[in-house]
Amino acid sequence: MNEREPVTKPSVSQIGASAPSGATEATSASSKNPALLLENVSCWYGGFRAVREVSLAIPRNKVTALIGPSGCGKSTLLRSINRMNDLVPGFRMEGEIAFEGTSVHARATDVIDLRRRVGMVFQKPNPFPKSIFENVAFGLRLLGETTGIDALVEESLRAAALWDEVKDKLDQPGLSLSGGQQQRLCIARAIAIRPEVILMDEPCSALDPKSTLQIEELMRKLIRDYTIVIVTHNMQQAARASDYTVFLTMGDDRAGYVVEQGETGKIFTAPQQQLTADYVSGRFG
Amino acid sequence: MAGVSTVHRPDSAATTRRGEGLIEFLLRASAAVGIVTTVGIITVLVVEALFFFVEVPPVDFFTGTRWSASILPYAFGVIPLVTSTLLIAFIALVLAVPLGVLAAVWMSEFASQRVRLIIKPILEILAGIPTIVYGFFAITVITPLLKATILPDLGTFSALSAGIVVGILVLPLVASLTEDALRAVPRGLREGSYALGATRWETVRRVLLPAALSGIAAAVILAMSRAVGETMAVVLAAGTNPQLTLNPTESVQTMTAFIVQISLGDTPTESIQFKALFAVGATLFAITFTLNLISAWLVARYRNVYE
Ligand SMILES: Nc1ncnc2c1ncn2[C@@H]1O[C@H](COP(=O)(O)OP(=O)(O)O)[C@@H](O)[C@H]1O
Ligand SMILES: [Mg+2]
């Protein structure tokens, strides 16, 4: 995973630009050099196909929202990007996910390096049973950093809009914080090692409205430096916080597929597909 | 581990059917049998021990460093018995804790589901072998092996052989309880660690072991309690030579070994030796009971950490 050349495979670079009639719609200018490209991605848990032939371009320095009914494979898709599904026995993926032009599932790909460059924030805040400071320093210590940890921890906590609330109690347990603070701690922990992409799987589903808005605000700030992919079942959240929206749903075989993707404004105000229109107007899901 | 009782709580008025009433009665009865037996044992131990303390002052018993129950002049200082018991338990834990924790880490984090399904029952079978078999294993295999390799002068009975065999004996317990503690660590913590680019081993070392620490401590203490109370393996492997020593190559007598010696022999029930049996038994009971309490407290604590 050392190359960071732009994508050169012709078949991959066409994804965002083709298929005006069907499932995918062009995601405008930034699809020319996307951070992530998914091509015909299908996922199986044993014999059950959870995701069917998904093709997507994730634009750089934007928030891309994956929306769709529960069980349509959003988490599965997201977790395939940083290969968290490697931990699930019986999981199998077909198709191609290219991160900065390199296949994430290739044999030569170093999964450790991939996960350092593609961070993740989970649905339920999961701080380690360690101090606030050590939670943020965790990834740095894995990298063998010894100097400048204090400064990096502070910087990350500031970037996660948590510094002012915790600066006087860095040695207290991360688990002593409120849910919203814990989730921002997990974001600080993720950005401490300066990833390029942050994957967020329903990061606000366990939080109150105020914390939710805080995290959305935070995402808007973070995209100056990061590319964000967020799974959410909250339509207002997708509408408020994302630049691009991908709508997935399930077929009769319960395999998730992409119905429509495009700029968030368009998906919510002028969807091309009836299914999308029904979903975003709250008639389904 | 005896004394585990089942408590049945009727949770609604609908549980009044005949069969359920009978089942409830049986459950209550078996719980009662367990409690009555335990209380009975404790009462007998304490009462008989009091008879002993009428003849031997408690101070002499608890602080005396010489134990001689069969050779005149008699002496009933329990420290040599306690010391040898702890020496053997210590050797056992030095062996069983690192190996047991490693085995648990391997089972819970590295082995495949299928391997785990084979290994777990094997551990349980190992834990079910009568301990006298382990005692024979010590004198027929471990001691000769030690003699042939590093300790040519080792006698037939030694604290070392006993400690090693007790270590083997409690290893499944340590491994199994540690595995439970590791599995109780929420999946989210594992994923959080892997998502930051930690390797499996880093995740084990930096997240899972610290998170499971109180559970592992509980396993270790329970193993220690088991080692302290272990009887037949120790009688066979360590011998019946009460002496105050920390030298593991010596033959020693543990508290349990003394109890066996007296209860198997033809010691008259009115004799001081027979009464000493209860004093030693009560001491042993107090030690293991305390260890079990600490262990249960630790387990309750690690259950509470994650909601
Ligand atoms: N570890 C797993 N093993 C088997 N099936 C799974 C697993 N995780 C998810 N699934 C199934 O895959 C489908 C998609 O799940 P998921 O990706 O979690 O959906 P979403 O995040 O959109 O709600 C569901 O039918 C779910 O039951
Ligand atoms: Mg999900």
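In which strand of chain A is A:Asn40 found? I located A:Asn40 in strand β1, which spans residues 36-45 of chain A. I then looked up the backbone torsion and noted that phi of A:Asn40 is near 50°, a positive value in a residue other than glycine. I record here that the model I am reading is predicted.

**Entry: a cis peptide bond in chain B**

I turned to the backbone of chain B. The peptide bond that runs from B:Leu72 to B:Pro73 is cis, and I read its omega as near -5°. I placed B:Pro73 in the loop between β1 (67-68) and β2 (75-76) of chain B.

**Entry: layout of chain B**

Reading along the sequence, I wrote the pattern as α-α-β-β-α-α-α-α-α-α-α-α-α-α. For the extent of the chain, I took the box along the principal axes that the C-alpha atoms of chain B fill, which is roughly 70 × 60 × 30 Å.

**Entry: the interface of chains A and B**

I next examined where the two chains meet. I found 18 residues of chain B in contact with 23 residues of chain A. The size of an interface is often given as the accessible area lost when the parts come together. For chain B and chain A I noted about 1700 Å² buried between them, with 67% of it on carbon and sulfur atoms.

How many salt bridges does the rule find across the interface of chain B and chain A? I recorded one. B:Glu191 forms a salt bridge with A:Arg79, and I read 2.9 Å between the closest N and O atoms.

I then asked which elements of chain B face chain A. Those that give two or more residues to the side touching chain A are α7 (187-195) and α8 (200-211) of chain B. Of the elements, α7(B) gives the most to this side, with seven residues. By class, I divided the residues on the side of chain B that touches chain A into nine nonpolar, five polar and four charged.

**Entry: the surroundings of ligand 1**

I listed the residues that surround ligand 1; among them are A:Tyr45, A:Phe48, A:Cys72, A:Thr76 and A:Val88. By class, the shell around ligand 1 has five nonpolar, five polar and two charged residues.

I looked up individual distances to oxygen atoms of ligand 1. A backbone N or O atom of A:Lys74 lies 2.8 Å from one such oxygen atom. For A:Ser75, I read 2.7 Å from a polar side-chain atom to an oxygen atom of ligand 1. A polar side-chain atom of A:Arg254 lies 3.4 Å from an oxygen atom of ligand 1.

I noted that ligand 1 taken alone exposes 560 Å², of which the protein buries 65%. The elements giving two or more residues to the shell are β2 (48-58) and α2 (74-81) of chain A. The most comes from α2(A), which gives three residues to the shell around ligand 1.

**Entry: salt bridges**

I counted 21 salt bridges over all chains of the structure. I inspected one within chain A, where the side chains of A:Glu155 and A:Arg194 meet at 2.7 Å, N to O. This pair ties together parts that are 39 residues apart in sequence, because A:Glu155 lies in helix α5 (residues 149-159) and A:Arg194 in the loop between α7 (179-191) and β7 (197-201) of chain A.

Notes: Residues numbered from 1 in each chain as written. Chains lettered and ligands numbered in written order. Predicted model: local features only at pLDDT ≥ 70, side-chain atom pairs only at ≥ 80, totals over all residues. Heavy atoms only, no water. Contact = heavy atoms within 4.5 Å. Buried area = accessible area lost by both parts, 1.4 Å probe. Salt bridge = Lys/Arg side-chain N within 4 Å of Asp/Glu carboxyl O. Helix = DSSP H or I, 4+ residues; strand = E, 2+ residues; numbered from the N terminus. Nonpolar A, V, L, I, M, F, W, Y, C, P; charged D, E, K, R; others polar. Near = heavy atom within 4 Å. Polar contact = N/O pair within 3.5 Å; in protein donor to acceptor, adjacent residues only side chain to side chain. Areas by Shrake-Rupley, 256 points an atom, 1.4 Å probe, with all protein chains shown as cover.
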